[in-house]
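Please look over the structure shown below, with attention to its pockets and to one of its helices.

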Amino acid sequence: PVGDPDLQDVSDTFALNVSVPQTETYTGMAIDGPLANARVFVDIDGDEVWDQGEHHTFTDANAEFSLTSNQVGDLVVTTTAETIDTLSGVSVSGLTLKAPKGAAVFSPMTTLLADLEADGLSRADAQAKIKTAMGLSDITDLDLMTFNPMGQGVSTADQAKYLNANAQVVGALKTLASLVESSSSDSSVTE
C-alpha cells in the first residue's frame, strides 16, 4: 500500500556474493623412487580416490607433473600397475601419496607430513619428528616439502638414506593395510 510507514525503508537493491574458484597450475614430482605414469588429481570430495570428474593428469617419464584446475581440493597421487619406479624399473601399484599445500614433491615422507599436520602438529615439529624417526636428521638442509633425492648435488649416501626411509614407510603402510583387509574379511567372531 502506498504510504505504508513499514515499507518506506525497503530498498530495491541487494548484494550477492559469488565465489568463483580460481584456476591454479600445480607442478611437482612423485617420488618413491621417481614414479612415472602415476595419476595426480584434485580430490574434491576428500576420499583420496580418483573419481570421474576430478581433474587429473599423469606424471611423465621424469616423475614430474603439471595440472591446471579450478577445482577445490587437495592434490593426491595414486599408482596403478602402469606406474613405474624409473630407478628400479619395477611397477608400483596401490600407493597413495599426499603432501601439504605448496609442496614440490609427493612422497611417503610428505604423506606422513600431511597426516601429522592434519593431526595438529606445526610443519616444523612434524618435519623434525619425521627426520628423527626415519634417521634423516643428518641430511643437510633437508626440507621434506621440496627434497628431490634425484636432484643435483644430492650425495649418493643421502639419496640412499632417503629412498630407504621411503621404502620403510611404504612397507609399513602396506603391512598395516593388509592387516586391516584380512581382519575385515575375517568373519569369525571370538567371545
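The model is predicted. Its largest pocket holds about 490 Å³ of space and is lined by 23 residues, of which G73, D74, L75, A99 and K101 lie nearest the centre of that pocket. The elements that give two or more residues to this lining are β1 (24-30) and β6 (74-78).

The second largest pocket, with a volume of about 220 Å³, has 14 lining residues, and those closest to its centre are G94, L95, T96, L173 and K174. At least two residues of its lining come from each of β9 (96-97), α1 (108-118) and α3 (156-185), and α3 gives the most, with five residues.

Which residues of helix α2 (residues 123-133) are buried? They are A126, Q127, I130 and K131, and because these residues cover an arc of only 130° around the axis, they sit on the same side of α2. On the other side of the helix, A124, K129, T132 and A133 are exposed. The cover over the buried residues of α2 includes α1, a helix that also supplies at least two residues to the lining of the second largest pocket. After α2 comes G135, which has a positive phi, near 70°.

Notes:
Residues are numbered from 1 along each chain as its sequence is written. This is a predicted model: local features need pLDDT of at least 70, side-chain atom pairs count only at pLDDT 80 or more; totals for chains, interfaces and linings use all residues. Side-chain values use heavy atoms; hydrogens and water are left out. On a 1 Å grid over the protein atoms alone, a cavity is a set of points where a 1.4 Å probe fits but cannot get out, and a pocket is an open set with protein on both sides within 12 Å along at least five of seven lines; lining residues have an atom within 4 Å of a point. Grid points are joined across faces, edges and corners, and a volume is the space filled by probe spheres set on the points. Helices (H or I, at least four residues) and strands (E, at least two) are DSSP runs, numbered from the N terminus. Buried means under 20% relative accessible area, exposed over 50%, partly exposed in between (1.4 Å probe, protein chains only). The arc is that of the directions from the helix axis to the C-beta atoms. Contact means heavy atoms within 4.5 Å.
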